[in-house]
Amino acid sequence: MAGIRMVMTDTLDSLEARPPEQRERDLMARLPQLVARAKAAAGWSRILKDVNAVDINSRAALATLPVTRKSELHDLQTQHAPFGGLNTTPVGQLARVYISPGPIFDPEGRGQDWWRFARPMYAAGVRAGGLLQNCFAYHFTPAAFMVEGGAARLGCAVIPAGSGQTEMQVQAIHALRPDTYVGTPSFLKIIIEKAHEMGVDISSIRHALVSAEALPESLRAWFGQHGLPGVLQVYASADIGNIAYETCSGGVRDPGMVLDEDVILEIVRPGSGDPVPAGEVGEVVVTVFNPDYPLIRFATGDLSAILTDAPPSPCGRTNTRIKGWLGRADQTTKIRGMFVHPSQVHDITRRHPEIVKARLVVSGRVAQEAMTLHCEVADPASASGAEIIESIRKLTKLRGEVAFVAVGSLPNDGKVIADVRDYQ
């Protein structure tokens, strides 16, 4: 494949280049209407039953609302089929209903670019009049249709290739000359390798947008060596759609991932709904302005952090940037036959205000493990652990020890429970 020079000097629309203060004002002004609309749905009415929508007009007010976790969707949907009562549009008026493993059911409404995928696609180089090969699966899950919606908004054509049938994928690229690949990074690598094996030219692919899998730097380098240095990622999910996406300027990838314009992001302490300081790793919680399926303080279960040390992006987009996917927030573990959850660690720290931050470390061998709560406190030398030990026993039904450390000593990796047991 021929080398590529990607120069992204423009944005999809003026919203992406707004002054950050204006964006924040606009988002907060929209919040009360979002909460009011959500409360008209049976599920949100239960979750937000004591909330006055007009009062939710700031981040501080938003942070007082309960967190609804992705891990709770299956139970919510079992009780109130099919969407847990979180949809404001009746099922029969939707465009599609998807089934993810669990099973979890996800809706799609009829609005233009419903999943908000045009922005990451535009950032990756997709333009009106182009042709892209869509290699996300069309079977039960929404990723392929996210791409379809973005392509329709941008005005480009789509080859509905789906996944699998690698030789046919190569033949389609060779014959139809699409300029863009969209799909998983691993399948793009398979297609490139198959094309080399077949001796087929697929150099028409000049842009690539990937998702649904990790994209390690080693694979980015491999793509660059094979003529695709500008592969960009989008961070999305089946219930939310586009959350954040990579951009580039002058052929160079910009740091982090820029948030979508219709998403309010919070990074919270795993197991809680408490926002962490900017730059600290925590769980991604989003509020999404979706008229059919509003999500308010929806916890994805993913870890990330706000990028605080990067200069303004030369691509022109001014929204907050995050570090991308940094792992899973659900660190539930089993100790001597008992499950211990991050929320329990949060409850312990909440009982003892002297604890600034805590991490439960499980060490030793299975069935002979030790459980120690490492606590950041202002003065470790004079701190007393007796009451904290009693809280550990009451809340986990397990014996545990306490170790005090200075504020700022614990790693910034989002871990509330660290399992370092020897499983050999």
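1. Start with the contact between H10 and H11. On the H10 side you'll find Gln344, Asp347, Ile348 and Arg351, and these meet Ile388, Ser391, Ile392, Lys394, Leu395 and Thr396 of H11. By type, the residues of this contact split into 4 nonpolar, 3 polar and 3 charged. Keep in mind that this is a predicted model.

2. Now the geometry of that pair. H10 covers residues 342–351 and H11 covers residues 386–396; their axes come within 10 Å and cross at roughly 145°. The crossing is right-handed.

3. Next, have a look at strand E13, residues 263–268. The rest of the structure largely encloses E13, because 6 of its 6 residues are buried. That goes for both faces: Val263, Leu265 and Ile267 are buried on one side, and Ile264, Glu266 and Val268 are buried on the other. Note that a charged residue, Glu266, is on that buried list.

4. E13 has a partner in strand E14 (residues 282–288). The two pair in the antiparallel sense, over 6 bridges. If you want a spot to check by eye, Ile264 stands opposite Thr287 in E14.

5. Last one: Thr333, which sits in strand E17 (residues 333–335). Is Thr333 buried or exposed? Its relative accessible area is 8%, and the cut-off for buried is under 20%, so Thr333 counts as buried. Its side chain makes a polar contact with the side chain of Arg421, at 2.9 Å. Setting aside neighbours within four places in sequence, Thr333 also touches Met338, Phe339, Val340, Val362, Ile417 and Asp419, with Arg421 in the list as well.

Conventions:
Residues numbered from 1 in each chain as written. Predicted model: local features only at pLDDT ≥ 70, side-chain atom pairs only at ≥ 80, totals over all residues. Heavy atoms only, no water. Axes fitted to C-alpha atoms, helices over the stretch in contact; angles between N-to-C directions. Helix = DSSP H or I, 4+ residues; strand = E, 2+ residues; numbered from the N terminus. Left-handed = near helix turned anticlockwise from the far one by under 90°. Contact = heavy atoms within 4.5 Å. Buried < 20%, exposed > 50% of the residue type's maximum accessible area, 1.4 Å probe, protein only. Pairing = 2+ DSSP bridges. Polar contact = N/O pair within 3.5 Å; in protein donor to acceptor, adjacent residues only side chain to side chain.
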